[in-house]
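Welcome, and thanks for taking a look at this one with me.

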Amino acid sequence: MKQELEAIREKAMRELEEAKGQQVLESLRIQYLGKKGELTSILKQMGSLSAEERPKIGQLANEIRAFIEQDLVKRAAELKEEETARRLEKEKIDVTMPGTRHELGHKHPLSIELDAIKEIFVGMGFEIVEGPEVEYDYYNFEALNIPKDHPARDTQDTFYINDNILLRTQTSPVQVRVMEKQKPPIRIISPGRVYRSDAVDATHSPLFHQIEGLVVDKGITFADLKGTLETFVKRMYGEDSVVRFRPHHFPFTEPSAEVDVQCFNCHGEGCRLCKGEGWIEILGCGMVHPKVLSNCGIDPEVYSGFALGMGLERVVMRKYSIDDMRLFYENDVRFLRQF
Ligand code: DAH
């Protein structure tokens, strides 16, 4: 029995030394010291020993048990150390390595210019409001004095959800929404996306952006419109900018005008940017039609107002001599980085 015990000690020592991992250690512990373990089963045979031998073997067995327990603890500590060392090696950070460069983006040119435009109008006391892109025919056309058979509809064909609901072709419906809710004085601009069923080319996109403006109060005249737009243009394109108003027609304003800025590239001489005209058209505007006011429950005998609408892409294209609108939407960083 003594030899058997010594053999167990040897075997346990070897196996413990080779154990790789805490799980293996635990199964070795059970194998030797567990209730059905090798040491235990030997001790169970002690009954067959003589009274003389029993204490000696008992003592040896206890020694071996203590020895194995000690070895288990020692090996467990070793394994833990090895594991830590391995982890430190793997997770080592070399602070002298070059870092990963994160390229910082910046605002899109359309956003840069829209922010500039908003700031100019906010500076003149305008509020910024938003309207829905999916709009009722009523707001987009009817209330703006563009009935079903009006030829103006032909130039603004769009995407219809059903007979009464469409993707708005202009930001002008926001005028109606604001006037229905808010009584004068009104002074708002409303930027946003608009849609038309146009094929994509250098100057057309089925989605583009407009900025609407509306002022309604007692005693608003065309002089207020001119002053506001002149101020806007000078802030936007520089103090020496020259503005021209050309008579035009819009169903929802009367009188109506288109506004040109003298070409800031050639100062009126005529160049490639202004296509030889010396002037660049930037927006449409006019005095709010009395019918539109009364459609919104505002008495045209008491109040008057002006409205304006400009295309954001156009304004930005002209400011930077960009000749292809598609550049705005293609996300080519070689283009976008230039702003
Ligand atoms: N909504 C017009 C368009 O898309 C632009 C416009 C013209 C807006 C005159 C106005 C305005 O508010 O007074 O062509």
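The points below cover the helix packing, the ligand site and a few backbone details.

1. Please keep in mind that this is a predicted model. Every value in these notes is computed from that prediction.

2. Helix α1 covers residues 2-18, and α1 packs on α4 at an angle of about 0°, with the axes 10 Å apart. The two helices are therefore roughly parallel to each other, given that angles under 35 degrees count as such. On the α1 side, the residues that meet α4 include Leu-5, Ile-8, Ala-12, Met-13 and Leu-16. Among their partners in α4 are Ile-57, Leu-60, Ile-64, Phe-67 and Leu-72. By class, this contact has 12 nonpolar and 7 charged residues, with no polar ones.

3. Next, look at α2 (residues 22-33) against α4 (residues 53-90). Their axes are 10 Å apart, and the packing angle is about 175°. That makes α2 roughly antiparallel to α4. Gln-22, Leu-25, Arg-29, Tyr-32 and Leu-33 are the α2 residues that take part. They meet a set in α4 that includes Ile-68, Leu-72, Arg-75 and Leu-79. Here the contact residues divide into 7 nonpolar, 1 polar and 5 charged.

4. How do α1 and α2 sit relative to each other? Their axes cross at roughly 170° and come within 11 Å. The two are therefore roughly antiparallel to each other. From α1, the contact uses Ile-8, Lys-11, Ala-12, Glu-15 and Leu-16, while α2 brings Leu-25, Leu-28, Gln-31 and Tyr-32. By class there are 6 nonpolar residues, 1 polar and 2 charged.

5. Now for the ligand. Which residues come nearest to the ligand? Of the 16 around it, these are Gln-170, Ser-172, Arg-196, Gln-210 and Glu-212. Strands β5 (207-217), β8 (279-288) and β9 (304-311) each supply at least two residues of the shell. By class, the shell has 9 polar, 5 nonpolar and 2 charged residues.

6. An N or O atom in the side chain of Glu-212 is 2.6 Å from an oxygen atom of the ligand. Arg-196 places a polar side-chain atom 2.9 Å from a ligand oxygen atom. Leu-308 takes part through its backbone, where a polar atom is 3.3 Å from an oxygen atom of the ligand. Taken alone the ligand exposes 360 Å², and the protein buries 90% of that.

7. Two cis peptide bonds deserve a glance. One runs from Pro-184 to Pro-185, with omega near 5°. Pro-185 lies in the loop between α7 (173-181) and β4 (186-195). Another runs from Glu-254 to Pro-255, with omega near -5°, and Pro-255 lies in strand β7 (residues 253-262).

8. Last, a backbone detail at Asn-145. Where does Asn-145 lie? You will find Asn-145 in the loop between α6 (137-140) and β3 (165-167). Its phi is near 70°, a positive value in a residue other than glycine.

Technical notes. Residues numbered from 1 in each chain as written. Predicted model: local features only at pLDDT ≥ 70, side-chain atom pairs only at ≥ 80, totals over all residues. Heavy atoms only, no water. Axes fitted to C-alpha atoms, helices over the stretch in contact; angles between N-to-C directions. Helix = DSSP H or I, 4+ residues; strand = E, 2+ residues; numbered from the N terminus. Parallel < 35°, antiparallel > 145°, perpendicular 65-115°, else oblique. Contact = heavy atoms within 4.5 Å. Nonpolar A, V, L, I, M, F, W, Y, C, P; charged D, E, K, R; others polar. Near = heavy atom within 4 Å. Polar contact = N/O pair within 3.5 Å; in protein donor to acceptor, adjacent residues only side chain to side chain. Areas by Shrake-Rupley, 256 points an atom, 1.4 Å probe, with all protein chains shown as cover.
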